[in-house]
Structure formats: structure tokens, C-alpha cells
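Here are my notes on the model, jotted down in the order I went through it. Have it open alongside as you read.

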Amino acid sequence: MPRHSILLVDDTATNRVLQRTVLEAAGYEVEEATTGAEALERLQARPYDLMILDLLLPEMDGFEVLEAWRGLSRPGEMPILVMSALGDEEARIRALRLGASDFLLRPAGRAELMARVAGLLRAKTLQERLDEAFNKLTAMGRASEVHLAELNALGVLLSDPLPSLVEQIRAASRPGRDPDVIAAMERVDGAFRGSVFLANGQRIEVLMDCGAGRGGRVPTYTQPIIGVWKAGDEREAPWVACLLKALEPAVSEVRNLSFCITPGIALASGNYPEEPDSLNAEVVRGFALHWEFVKRMSALNREIEEAFEYTISALSRAAEANDPGVGAHLKRVNAYCRELAEAIGMPPHFVRTIAVQAQLHDVGKIQISMDLLKKPSRLDADEYEVMKAHTWHGAHILGDHPRLQMAASIALNHHEHWDGTGYPRGLRGAEIPLEGRIAKLADVYDALRSERPYKPSMAHRFAIEAIFRGEGRVAPEHFDPELLDALRRIAPRFNEIHEEFAKMNAPDASREEPSGTDPSA
Ligand SMILES: [Fe+2]
Ligand SMILES: [Fe+2]
């Protein structure tokens, strides 16, 4: 434990010698100043744990030192014991008002001086612990905030939560009191794997295997196990041995540790400048439980998300039963929509949603008769009207659940044209929801590239040309100009996607209903 440092401010040499002797004998580190100005200079050069201040000083007296120091420091940062032969009540009250912590009348006996010094230092330590606990609490709150924001936006943690966790653990300590080493590991197949983060920013992979070959010495547990260890303690204690074994290859010397091990994760911080105690271990436990909570939430959300996505593709496959062979078309439209949404800078949540839900754009065809869907020739006007209703059917099937809002909007709007000539409502420009405009462009590109009973497939270059220059039923006025700009930039990526799917040898009938006005109808 580092020694407490005391600044002794007194102009009388005999006082200084006497007090210094007593204080040093008790193990304190003592520095002296003989004037107020020198005292302030020293206080600004380095921190002290306590100042003992004489009131009667030449030039700048003790009151002025108190006043000046009050302007330079935070209240209560360092306790100040005023010692003076000025015993009147007014002087005492004035000194206390100016920030003195305690007042001792000269001549004071050795025992009284020591008792006051010890009392003030104890109070300072307690205050520091309180500040530290508060810092840790706010740091934990911040860590939760960061992770919850990510969970709220996407439902899952995309980034590695460890660097921000480690940053918050360091921030939770007072400057200079944070651990040099933080190890964070997750249980994978019976062992713990993770990283050690060093104070110099290095991150080293570690493996902790407590089970194999240790003869069942590790107790079974369901509750988090917390502990502290320091050099000199038993190295073979449960968990300590395997923690040290895991850390030592990455850290040349482990001097102390506080740790928390849960059934799923192990978090340890070590090489604190001062020996860690139960408070440090509680902090590690707090962060460990927070991390585990975030991980579980994220895993749970991921499972729900996967189930949701599976249901969506099951629904789109059900629609396909009436219109066989469009499976690869649906997946490609998903992919084109993702590329377009990214290219125009939409937020990750939008990109992710459209990349999953665009495949439901034609779900309404489930209500269109097979005869019409499979008709080898173009539809007549009446048939075309029936076919157009697949947009309404789709929106109706998908309903108004907030999670399927985008799918429903795409189903309804993917045949609207930017110039107002589309269907079913003849919306124009920005009246058409963005997801509908994106799906429209993706759908038309894919329809152009696909073979139909009445037309061959088009090469990428010609499909792009048809969109930008217009050809037959496709006109550039049908599309949002911002999306056309984006397509101009990322057109090669569209071709890549088409080829990737072709390579996967997916059944590529890509048959949409033949229609009289729109290749993607
Ligand atoms: Fe389509
Ligand atoms: Fe459609």
C-alpha cells in the first residue's frame, strides 16, 4: 500500500522538525514548505493526501493560502489540518469556512496530532471509495446505454462488445487506479476463450481450460463466483490457478486479480496499482453480469429474428406454390434491394429489413389463379386487371403488424411508377413509399434478366440500357432518379449477384406473370 503523503506548511523550523519526526515515525511521507507561496507551488506540482497548515506565516498567511487553494482545487479534494496558536473562536470558524477540515490548537501533543491526521486520512479514503463506487456505477450505466442502443436498433449486437466493456471498466476506476490487465472470456465447448486487454492497447487471445486434467478440482457452480487474489496468496485456489495459467503467457507478471466467473463467461482484471478488494470484485461482477445479460438478450433476439425470417421465407415459398420457380427471383430481389438501400445511405435497420422482406412483394399472387399465372401468352385487358389486384391481395395478407409494415408497403407499391402511370393507386414521385420504389427497380431489373415464355433473358448490359434509356414497357421515368443514380454506381454489383445465383445452380425459371404493360408485373 503506498504511503500517505503530507505537506507540512510552517515557517518555524522547530515545529517542522518535531512534526516531521512524529509523522515519519508513523510511516507517512512528509514534504515541507516554509511560506504560503511555496505551499501553493508544491500543491500544484503533485497531489498530497493531507496538508498541515500553520496560520501564522510571513507574507501570505494561512487564511490566504486556504483561500487561494480553494480557487485551485475541487472541494474536499485534500483534507487540510490547520494548526495554530491563534485559538480564538473567530479564527477557527474563519479557517473552517475557508475550507479547513479540522483545527488543532498549539501546542498539541503527539497523540492528538496523530489521531487527527489518521481521522482525516480515513475520511479521505472513504470519500474516495464513495467517488469510485459512484464512477463505477455511472460507467456501468454508460456501458448498458451503448449496448442497449445497439440492441434497440437492430435487436442483436453486431459489433464486438468487449472493447467497449473494457473501456468502461477502465473508466470506472479513478485515474491511476485502474487495472493494467483485463481479461474477458466466453465459455466455448467447456473451456473459456477470449482476450486479454493490456494497458498499452494490446489485445491478446487467451484460452482458459479449468476442466481437463484438473481432477474435478473446479467446483460445479450455478451462481457467479467472485474473488480477489494477490501475490503471496494461495496460487492453487479454485479458479485462481487456471486464471493465472491462462493469463501468464500474455502478461509477464500477474501481481493481483479480481475476478468473476459465471457459467457462461469469465471476467478478470488485474495488476491494480493498489491491491484489489471486495469492492473491485463487486465491480467486476457487475460488469460480468451486464455482459452476460447483453449476450443472452442478443442471442435470444437473434433466435427470434431467425424464426421471423424463416417464417417470411416460408410465406414467400407458399406464394411460390402457385407460381413455381420464382424462388431464386425472390432471393435476388432481396439482394438488389439491399444493395440499393445501402447505396443511398439508408440506416442498417432499413437495409436489413428490406433485404429480408422484399421477397414478399408478390405474395398476393397466392390469390391469383394458376391458369392466369401460367398463361403462356400475354394477358388481355381483363386478365391484366385481375393480375394487378395481386398488390392489394399482398397488402391484405400481410396486414398491419408493425414488423411486416415494410413487406406490406412493398407488396402494395412495387408497381407504382415515379411518373404516376403505375398501379394500383397511380401514386407519383415521393408519394410512393421509398421501399416500394426500391423494390420496383430491383424487380424490373431481375425481370429483364429473366427468361419468359414470350421473351428471352437479357444480358446485364442490355437490361441496364433498357432501364436508363427505356425499351418497350420500361421507361426511365418510372424510376426514382436518386435510385437510378445509385444503380449507375453499383450496376456491376447487380450483375455479380445475378451470376452468383446462377452459379449456385438455383432453379432459375424466374417466371413472373406475363403481362401486357410491365415486365415485372
Ligand atoms: Fe417480382
Ligand atoms: Fe408484382
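Which loop holds Asn 271? I come back to that in point 6, after the overall layout.

1. Overall shape. Keep in mind that this is a predicted model. The protein chain has 17 helices and eleven strands. Its radius of gyration is 37 Å, well over the 24 Å that the globule rule gives for 521 residues, so the chain is more spread out than a compact globule. Along the principal axes, the C-alpha atoms fill a box of roughly 115 × 60 × 35 Å. Of the 521 residues, 37% are buried. If you count contacts with a separation of 6 or more, 65% of them are between residues 24 or more positions apart.

2. The parallel sheet. Five strands make up an open sheet with parallel pairing, and the order is β2-β1-β3-β4-β5. The edges are taken by β2 (29-33) and β5 (102-105); each has a single partner strand, so one side of each is left without a neighbour in the sheet. On average, neighbouring strands here are turned by 20° against each other, ignoring direction. Helix α1 packs on this sheet and touches β1 (5-9), β2 and β3 (50-54), and its direction makes about 165° with that of β2.

3. Strand β3 and its pairings. β3 is worth a look residue by residue: five of its five residues are buried. Both of its faces are covered, with Leu 50, Ile 52 and Asp 54 on one side and Met 51 and Leu 53 on the other. Note that Asp 54 is on that buried list too. On one flank, β1 runs parallel to β3 and is joined to it by four bridges, and Leu 8 has Ile 52 as its bridge partner in β3. β3 also pairs with β4 in the parallel sense, again over four bridges; here Leu 53 is partnered by Val 82 in β4. Moving on, strand β4 (residues 80-84) pairs with β5, parallel and over four bridges, and Met 83 stands opposite Leu 104 in β5.

4. Thr 21. This residue belongs to helix α1 (residues 13-25), the helix that packs on the sheet. Is Thr 21 buried or exposed? It counts as exposed, because it has 12 C-beta neighbours inside 10 Å and the cut-off for exposed is 12 or fewer. For a sense of distance, Thr 21 and Arg 235 are 214 residues apart in sequence, and their C-alpha atoms are 40 Å apart in space.

5. The α9/α17 pair. Two packed helices are described by the angle between their axes and the distance between the axes. For helix α9 (residues 327-343) and helix α17 (residues 481-503), the axes come within 9 Å and cross at roughly 145°. The crossing is right-handed. From α9, the residues that meet α17 are Ala 328, Lys 331, Arg 332, Ala 335, Tyr 336, Glu 339, Leu 340 and Ala 343. The α17 side includes Leu 483, Leu 487, Ile 490, Phe 494, Ile 497 and Phe 501, along with Arg 489, Arg 493 and His 498. By class, the contact has twelve nonpolar, one polar and five charged residues.

6. Backbone points to check. Most residues other than glycine have a negative phi, and most peptide bonds are trans. Now back to the opening question: Asn 271 is in the loop between β11 (265-270) and α8 (278-320). Its phi is near 55°, a positive value in a residue other than glycine. Asn 271 counts as partly exposed, because it has 19 C-beta neighbours inside 10 Å and a residue needs 20 or more to be buried. Glu 59 also has a positive phi near 55°, and it sits in the loop between β3 and α3 (62-72). Glu 59 is exposed, with 9 other C-beta atoms within 10 Å.

7. Where is Pro 424? It is in the loop between α14 (405-413) and α15 (434-449).

Key. Residues are numbered from 1 along each chain as its sequence is written. Chains are lettered from A and ligands numbered from 1 in the order in which they are written. This is a predicted model: local features need pLDDT of at least 70, side-chain atom pairs count only at pLDDT 80 or more; totals for chains, interfaces and linings use all residues. Helices (H or I, at least four residues) and strands (E, at least two) are DSSP runs, numbered from the N terminus. Axes are lines fitted to C-alpha atoms, for helices over the stretch in contact, and angles run from 0 to 180 degrees between N-to-C directions. A crossing is left-handed if the near helix is turned anticlockwise from the far one by less than a right angle, and right-handed if clockwise. Two residues are in contact if their C-beta atoms, placed from the backbone, lie within 7 Å. Ala, Val, Leu, Ile, Met, Phe, Trp, Tyr, Cys and Pro count as nonpolar, Asp, Glu, Lys and Arg as charged, and the others, Gly among them, as polar. The radius of gyration is taken over C-alpha atoms; the globule rule is 2.2 Å times the number of residues to the power 0.38. Two strands pair if DSSP finds at least two bridges between them.
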